[in-house]
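Have a look at the picture, then read on.

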Amino acid sequence: MGDLKLPGIDYGALLPMLILFGAACVGILIEVFAPRRSRNVIQLSFAFLAVAASFVAVVAQHNTRKITIGGAVAVDGPTLFLQGSILALGAVSLMLIGERSIERGGPFVSQAAITVGSQKDLKQAGDQPGATEVYPLTLFALGGMLLFVAANDLLTMFVALEVFSLPLYLLCALARRRRLLSQEAALKYFLLGSYASAFFLFGVALIYGFSGGIALSQVHAAVADPQRSQVLLYGGLALIAIGLLFKAALAPFHVWTPDVYQGAPTPITALMAACTKVAAFGALLRILYVAFDGVQWDFQPVLGTIAVLTMLVGAVLAITQTDMKRLLAYSSIANAGYLLVGVLALNEEGLSSTMFYLVAYGFSVLAAFGIVTLVRDADGEATHLARWAGLGRKSPLVAAAFTFILLAFAGIPLTSGFTAKFAVFGAAIEGGQTWLVVFGVVTSMLLAFPYLRVVVLLWLSEPNESTPTVSIPGFLTSAALVIGVVATFALGVVPAPLIDLTRDAAQFVR
Amino acid sequence: MEQTVEFAPASGVLSGIWLLVAIPLASAAILLLLGKRADKWGHWLGVLSVAATFVLGLVFFLNLSGLDAERRSAQISLWDFMAVGNLHVDFGLLFDPLAGVFVLLITGVGSLIHLYAVGYMEHDPGRRRFFGYFNLFVAAMLLLVLGNNYVMLYFGWEGVGLASYLLISFWYTRPSAATAGKKAFLMNRVGDAGLAIGIFLMFATLGTTQYDEVFGNVSALSSTTVLVLGLLLLLGAAGKSGQFPLQAWLPDAMEGPTPVSALIHAATMVTAGVYLIARSHAIFTANTVLQTVVVSVGALTLLMGCIIGAAKDDIKRVLAWSTVSQIGYMFLGVGLGGGAYALAIIHLLAHGFFKANMFLGAGSVMHGMHDQVDIRRFGGLRKYMRWTWLTFMMGWLAIIGIPPLSGYFSKEPIIAAAFERGDWTSWLYGMAALLGAGLTAFYMTRLFVLTFHGPERYTEDNQHPHESPFIMTVPLMLLALGSIGAGWLMSTSVPDWLEPVFGAEEAPHEAVLSHTLITILSLVVTVLGAGLAWAMFRRGTALEPQPAGVVVTAARRNLYTDAINEAVFERPGIYLTRALVFLDNKGIDGLVNGIAAGIGGTSGRLRRLQTGFVRSYALSMLTGAVLVVGAFLAIQLGWLA
């Protein structure tokens with residue numbers, strides 16, 4: 001055995017991730033040692049503190065552009081912007097996760113196997129502030145996402161994928177209400193997620209066979225060499241892409257999304273819709289822009305077809321949904337299609353507009369799911385669309401906020417939905433992908449129907465007996481809603497500062 | 001003709017010209033927004049705001065007259081109104097000699113009519129609303145004449161259109177008033193569309209809508225462009241001023257309260273077309289075909305107005321047709337160009353006085369006669385309404401052009417100018433103007449005699465003619481003074497005053513008749529027309545329509561212009577809309593609903609693929625994966641290339 005040379009490690013550049021992973025470990029210790037009564041407050045504050053510290057660490061190194069830890073991690077403009085986005089959206093998700101005033105015990109249950117409504121169950125709801133394990137799990141997930149968007153070789157990327165996926169599988173199973181649905185969703189997510197991970201890993205193996213390395217720069221160099229096996233290259237690229245398309249919920253790998261979004265506790269759905277999307281597209285951007293940009297003429301049509309399919313599936317299926325969470329799930333699938341249009345522009349504009357879209361959509365979708373947590377009856381959240389009829393009469397403020405968010409999803413001007421769509425479509429036209437934009441505009445029109453149908457339902461129907469009451473949001477949910485709505489409005493009216501930021505950040509290191 | 005147009009920036013007092021628009025606008029906002037709370041004092045606020053605007057206008061006017069002739073204009077730019085691409089439009093105002101006289105006319109006559117309306121509308125529950133609209137009109141009209149670019153003019157143009165529409169339909173519960181409002185609105189749309197397209201064309205060819213830049217660069221345009229641009233502006237002008245072929249709305253607009261008829265549909269708004277052409281004189285003088293079209297429109301309309309006016313029995317409609325006819329004289333004037341521009345403006349100002357005078361007099365008659373408007377049912381009113389009679393007489397003598405009243409000084413020069421046009425057309429337009437003078441004398445005398453002289457022919461027993469209150473007769477007296485003196489005063493001062501706007505007077509063409517002869521001729525036809533009418537109607541007239549010849553029947557039916565409009569535009573329009581509705585219902589809706597149903601059905605079927613079983617999800621993912629890998633390999637192996 002020769003000398004083992006340690007690679008140089010820039011701890012400063014890794015600090016955001018280290019903070020989150022460290023805090024998650026400490027969180028588990030808190031779970032063990034902190035007294036049950038004050039555990040929730042301690043965990044919540046600690047999680048916020050960790051996210052805030054990590055965000056500060058990201059901001060502090062905004063000028064860093066380097067590859068460290070033996071080429072495994074790249075800290076560059078997109079990495080830092082996406083990490084900041086994940087942390088900001090994660091903080092808002094944490095507000096929804098930490099809400100305990102809407103329901104006794106909060107949305108999460110720690111002993112999910114206890115029969116619902118039994119004496120034990122009532123005692124459990126009364127005694128405890130729910131499952132406080134959710135905080136360290138969330139931190140692990142967020143940490144994994146930060147690593148995912150920074151990963152500069154395929155194995156690190158795979159590890160990061162698993163690190164953020166496993167906590168999410170768990171979190172999905174913890175709903176207090178409709179426990180079986182929640183557990184079923186978690187199991188489905190886990191099985192299909194593992195399946196997709198297997199594709200990804202197989203793809204990594206093929207690419208290793210193709211290029212003899214796993215670093216993205218090695219792949220990039222190998223792509224330029226026509227002597228190598230093209231079958232390995234394309235097979236590997238396809239399989240890696242499939243793994244990422246699964247996480248980003250693109251058709252036909254979206255099938256898990258409606259079931260999981262519906263079954264998961266709503267704050268976790270919000271976390272997945274906002275942060276997972278950022279992470280998945282961050283990784284996809286890096287893979288396509290850094291490693292495989294040499295074969296862009298070959299993957300553009302295939303991924304373009306997937307984008308079109310995704311937009312169509314999301315828009316068409318959203319029309320007949322009767323459940324609010326499923327409706328939002330299909331909306332999120334369609335939005336993944338729009339994001340892929342931005343990605344496929346394959347120019348700097350495409351990179352920056354996709355990042356802008358991710359942030360804009362993230363805040364809107366957090367607000368949307370935040371409102372879903374408020375519309376409740378005795379059985380928990382009332383998610384059937386018919387139940388929302390006439391809500392505008394009973395709770396004008398909440399209904400108005402939801403209407404605004406729906407208009408943003410529909411891409412109406414003065415909302416971030418408009419500026420974001422405008423940005424990605426503009427980038428795609430610049431990148432020569434006009435056909436994708438045509439489909440994007442057509443499906444936007446289709447999607448306006450389900451959104452506006454909800455608006456009509458909210459305002460133009462008479463409230464009836466079954467119209468649920470809107471819970472008075474606690475401080476945390478109120479804050480999350482205000483942040484989501486204000487961000488949606490602000491990014492629609494003065495998008496320039498954030499667009500400038502994304503433009504400054506739109507340069508990968510290789 | 002190369003010319004540079006420059007407006008001096010405003011300085012000193014003149015930088016406050018925006019107040020002229022702001023004051024009535026603020027007053028209108030207060031009256032319309034405060035609602036019933038302002039009912040008690042609202043009308044006085046309305047009068048006060050216009051009177052204050054008049055005083056301000058006078059101050060600005062005097063200030064302006066103190067400047068050198070070359071620098072006699074004041075331009076301010078309040079803010080950037082529109083900035084889209086290359087289009088930059090300032091919210092800018094221009095106070096120059098032309099705008100100055102208009103400001104004085106609008107606010108001066110406007111103040112008197114506002115005052116009169118306090119009495120006229122006393123028993124109307126909607127008086128505050130009326131004054132709100134009235135102030136809105138004044139603000140819009142002032143913006144129209146004060147704008148320093150065509151977009152500002154258009155802004156005011158649409159504003160007066162709105163106010164006019166609201167005021168014609170003021171008594172909106174009456175079907176006739178509602179219909180008349182709609183008619184005015186629709187016919188004005190035609191003209192406004194022309195004006196709008198004209199402004200677009202201006203921007204497309206010159207890249208600006210600013211007066212100075214447009215006028216300075218007209219010579220760079222091809223003559224076809226100038227012709228099209230001028231015709232579009234003329235269409236707008238004809239719509240607003242009730243000129244052929246868009247004259248039909250103006251007489252119907254008399255459904256509004258009489259002060260509205262006096263201010264908007266006689267003295268000010270309907271002259272906006274004349275203002276537009278006078279303001280755009282650089283465009284109109286650049287193309288002789290264009291000038292001929294304007295002159296023809298003017299001559300034709302002035303004759304039409306006279307002929308129809310002679311056959312009408314409704315006091316306000318006679319006055320309305322007379323307005324159409326008099327504006328025809330003004331169009332004739334601006335079409336002749338050169339020194340006739342100033343003549344048209346003088347006639348416009350003089351007309352503002354005497355027509356407002358007569359409209360208010362008619363209102364006073366109606367006030368005393370229980371809202372009766374049929375002149376066949378008046379007669380001998382001079383005994384009961386001394387002031388109304390006397391002041392109306394001044395207006396009557398002024399409009400038919402008896403010296404030394406104002407109409408003589410304003411109309412006779414236009415007739416003379418028509419004879420000076422320079423070729424055989426001098427005869428055509430000169431004779432038309434001369435004939436118009438005789439006809440005017442005939443029908444105005446008929447109106448005057450049937451109303452105030454001859455036997456009493458009141459049909460309802462409860463009619464007790466009485467003089468109107470003081471607040472209504474005082475404006476009448478002041479306007480009568482204007483009808484008497486304004487013509488002489490202006491004919492000596494206005495041409496010099498307007499010289500900075502229209503340029504120095506060119507030497508006229510050789511007149512086909514000597515000026516003295518024309519003066520004598522026009523006086524002769526006037527006296528003839530008036531004497532004929534006096535002889536025919538001094539013993540009154542039948543209460544019912546009498547059988548009449550072809551000409552009179554045609555004139556009673558507005559020379560069939562309404563029938564032509566109906567046959568040519570309205571019916572085909574109705575058929576077109578019906579066809580479109582059919583197409584929309586069956587074709588487009590069918591298509592849209594069909595697509596929607598198709599997508600909905602697809603959605604419903606696709607939904608079933610979402611079974612909830614992990615195994616089927618995994619299968620669909622596998623299928624997708626096989627397809628994706630297959631597609632990549634296919635591309636690689638060249639199958640799809």
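## Around one phenylalanine

Leaving out residues up to four places away in sequence, A:Phe148 touches A:Met157, A:Ala160, A:Leu161, A:Phe164, A:Ala279, A:Gly282 and A:Ala283. Touching, or being in contact, means that C-beta atoms, placed from the backbone, lie within 7 Å.

This is a predicted model, where local features need pLDDT of at least 70, side-chain atom pairs count only at pLDDT 80 or more, and totals for chains, interfaces and linings use all residues. Residues are numbered from 1 along each chain as its sequence is written, while chains are lettered from A and ligands numbered from 1 in the order in which they are written.

A:Phe148, A:Cys172 and A:Ile242 touch the most other members of the largest nonpolar core, which has 216 residues. Helix H11 (residues 266-291) of chain A brings the largest share of this core, 19 residues. Another core, of 205 residues, lies apart from it and includes B:Phe95 and B:Ala311.

Some terms: a nonpolar core is a set of buried Ala, Val, Leu, Ile, Met, Phe, Trp, Tyr and Cys residues joined through C-beta atoms within 7 Å. Buried means 20 or more other C-beta atoms within 10 Å of a residue's own, exposed means 12 or fewer, and partly exposed is in between, with C-beta atoms placed from the backbone. Helices (H or I, at least four residues) and strands (E, at least two) are DSSP runs numbered from the N terminus.

## Chain B

Chain B is built with 24 helices and two strands. Of its 641 residues, 53% count as buried.

Terms used: Contact = placed C-beta atoms within 7 Å.
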